[in-house]
Amino acid sequence: MNDMTIGEGKEPAALILAAGRGTRMKSDMAKVLHLLAGRPLLAYVVDAARGIGAGRIVAVVGHQAEEVREAFRDDGLVFVEQRPQLGTGHAVQVARKAFADFVGPVLILCGDVPLLKVETLRQFLAFHRDREAVLTLFTARLDNPHGYGRVVMDENNALLRIVEERDATAEEKKIREINTGIYCVESPFLFEAVSGIGRDNAQGEYYLTDIIAVGRERGIRMVSYLARDPAEVMGINTPDDLAGAEKVLLARATG
């Protein structure tokens, strides 16, 4: 087994991206501290990570970092601060030291995606292991994919790349399969790949999505996992999104 292969039997670790401010929330509060049914958004993601048996949970914080740390001081998280905030790829770069002694699957989660069920994450992780993948991307198909990065496949339905909407061509914008921002990646490849990405894009940021292109160049095994229920991977970006998530939780509780 070489250092790019899957850590068979290893318990996963979780890396939660939670540094954003969330300007569209119309509040100066860190997005992950906004309350959903009385609990911070980040609490739901931490619960999900624990639910799949993550032995180490690392949260990358930035905006109002101290407030986020204080809110979760008793939760046993490892906090890493991202400052300045130069994109999702940069967030993984700054977390590298927190995984220095870890070899195995890293589940990358978003602190503002609170509706993902533990059972869904278990299925996702099992899919990654069953396919003996080095990288598994969680995707969803949306009727209206506006604003999301599109997943570009080749003629054999294999992952080619992810293109952010601002960088997408008119043809690529027609793609309905989107990147949810959730991944399972074997740690040796993950941290080696993010160390080599650049930021030559419309945002001037280090995109985590660029590790797909790195994987293609190196010929590693990459697969995608399609969400059965796109509502589970809905990100909270606006007060309306928060209200919609409350309705989903209510429906789950009463259904």
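A cavity here is a set of points, on a 1 Å grid over the protein atoms alone, where a 1.4 Å probe fits but cannot get out. Points are joined across faces, edges and corners, and the volume is the space filled by probe spheres set on them. The model is predicted, with pLDDT of at least 70 needed for local features and 80 or more for side-chain atom pairs, while totals for chains, interfaces and linings use all residues. Residues are numbered from 1 along each chain as its sequence is written, and side-chain values use heavy atoms, without hydrogens and water.

One cavity of 30 Å³ or more is present. Lining residues (an atom within 4 Å of a point) of the largest cavity are Y44, V45, A48, L109, C110, V113, P114, L116, L121 and I182. Two or more of these residues come from each of α1 (41-51) and β6 (105-110). Helix α1, a DSSP run (H or I, at least four residues; strands are E, at least two), gives the most, with three residues. The lining has 10 nonpolar, no polar and no charged residues.

The largest nonpolar core has 42 residues. Such a core joins buried Ala, Val, Leu, Ile, Met, Phe, Trp, Tyr and Cys residues through side-chain atoms within 4.5 Å; buried means under 20% relative accessible area (1.4 Å probe, protein chains only). V68 and L109 have the most contacts inside this core. Its leading contributor is α1, with six residues. Beyond four places in sequence, L109 is in contact (heavy atoms within 4.5 Å) with L15, I16, L17, V45, A49, L116, L121 and I182. Another core, of 36 residues, lies apart and includes A98, V151, M153 and Y206.

Definitions and conventions:
On a 1 Å grid over the protein atoms alone, a cavity is a set of points where a 1.4 Å probe fits but cannot get out, and a pocket is an open set with protein on both sides within 12 Å along at least five of seven lines; lining residues have an atom within 4 Å of a point. Ala, Val, Leu, Ile, Met, Phe, Trp, Tyr, Cys and Pro count as nonpolar, Asp, Glu, Lys and Arg as charged, and the others, Gly among them, as polar. Buried means under 20% relative accessible area, exposed over 50%, partly exposed in between (1.4 Å probe, protein chains only).
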